[in-house]
Amino acid sequence: MASGFFAILDDIAALMDDVAVTAKLATQKTAGILGDDLAVNAEKATGFLESREIPVLMKIMKGSFINKLIIVPVVFLLQWLYEPAITIILIFGGFYLAYEGVEKIIEFIFHRSKKGHEVIEESVITDEDGEELEKSKIKSAVTTDFILSLEIVIIALASAKVGYEDLKSQFSPLLVEIVTVSIVAIIATIGVYGIVALIVRMDDAGYKIIKKSKKETGFLVSVGNFLVNALPWVIKGLAVVGTVALILVAGGIFVHNIEWIHHHFLPNINSTVREALAGIIGGLLAIPIFTLGSKALSLVKKK
């Protein structure tokens with residue numbers, strides 16, 4: 001009985017050794033998309049009342065876990081049933097990300113300055129309006145997270161396959177791939193939203209540091225003031241970085257998964273510029289489609 005128990009522990013240890021190798025490779029390969037994921041989600045998780053920042057972030061994080069809980073088994077099922085379906089879904093997701101990114105750029109370029117009475121009218125928000133706005137932003141964040149999570153899972157799976165080929169493992173490739181992808185998905189979610197939580201609470205940390213200092217000037221006060229004053233700039237920066245990230249991620253999906261674009265779309269220019277152009281063009285094509293689809297959906301709901 002005891003020998004059987006220790007044999008199981010030995011097998012688990014051997015499996016985790018194999019997973020450590022594949023997970024390390026998968027984490028390296030997904031590092032870029034995790035950075036984009038961080039920028040996008042940090043931008044989407046800001047703009048709420050101070051008392052609502054962490055609760056809203058927790059709701060988005062919960063949605064992210066549910067996304068990955070759905071995506072991981074579906075990706076493995078599709079890989080078994082019809083592997084090209086993963087690429088097709090990824091491309092459709094790319095169009096959604098491109099749409100979100102280009103829409104933000106268009107809104108910024110053609111933004112009309114509001115007059116005084118319009119600003120006052122917009123500032124008068126009822127509790128019900130605030131709840132609806134919060135739900136809308138959470139829904140948008142979770143939807144975007146779904147597409148980014150899909151890419152993270154697919155890249156992690158591809159990396160796990162490559163890593164497994166270099167191993168002399170006693171375990172089936174499917175088992176190693178499932179454990180690897182699951183671990184990367186958990187690390188990605190906790191890591192990204194943990195950093196986002198630190199960012200959105202920068203000002204609170206600054207205020208606490210200032211309060212702890214008994215002097216009006218000094219090192220602690222300077223650090224506290226820096227954190228408080230830096231937060232608005234960080235949020236603005238994240239808005240820009242998040243928009244760029246959406247376009248680059250979408251462009252990367254198009255370049256690497258659509259054969260014609262991969263081989264014939266400006267093959268001699270810098271890869272980042274190429275992906276940015278592909279993302280912008282994809283977004284411009286997606287805007288009328290998503291806009292008409294949204295209007296059609298709202299009409300159906302009214303009926």
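This tour moves through a predicted model, from its nonpolar cores to its aromatic pairs and then to one helix contact. Because this is a prediction, local features need pLDDT of at least 70 and side-chain atom pairs count only at pLDDT 80 or more, while totals for chains, interfaces and linings use all residues. Residues are numbered from 1 along each chain as its sequence is written, and side-chain values use heavy atoms, with hydrogens and water left out.

**The cores**

Begin by selecting Val 75, Leu 97, Val 181 and Phe 254, which touch the most other members of the largest nonpolar core, a set of 33 residues. A nonpolar core here is a set of buried Ala, Val, Leu, Ile, Met, Phe, Trp, Tyr and Cys residues joined through side-chain atoms within 4.5 Å; buried means under 20% relative accessible area, exposed over 50%, and partly exposed in between (1.4 Å probe, protein chains only). Now colour helices H2 (53-81), H3 (84-109), H5 (127-165), H6 (173-200) and H8 (219-257), each of which supplies at least two residues of this core, and note that H5 gives the most, with 8 residues. Helices are DSSP runs (H or I, at least four residues), numbered from the N terminus.

A second, separate core of 12 residues can then be picked out through Val 56, Ala 141, Tyr 193 and Val 196, which are among its members.

**The aromatic pairs**

The structure holds 4 aromatic pairs, where rings of Phe, Tyr and Trp (its six-membered ring) pair if their centres lie within 6.5 Å, with planes under 30 degrees apart counted as stacked, over 60 as edge-to-face and the rest as tilted. Select Phe 95 and Phe 254, whose ring centres are 4.7 Å apart and whose planes stand at 45°, so this pair is tilted. Phe 95 belongs to helix H3 and Phe 254 to helix H8, 159 residues apart; Phe 95 is partly exposed at 26% relative accessibility, whereas Phe 254 is buried at 2%.

Move on to Tyr 96 and Phe 290, an edge-to-face pair because the planes stand at 65°, with the ring centres 5.8 Å apart. Together with Tyr 99, these two residues form one aromatic cluster.

**The H2 and H3 contact**

Finally, show Val 75, Leu 78 and Gln 79 of H2 with Ala 85, Ile 86 and Ile 89 of H3, which make the contact of these helices. The residues of this contact divide into 5 nonpolar, 1 polar and no charged, where Ala, Val, Leu, Ile, Met, Phe, Trp, Tyr, Cys and Pro count as nonpolar, Asp, Glu, Lys and Arg as charged, and the others, Gly among them, as polar.

Definitions and conventions
Contact means heavy atoms within 4.5 Å.
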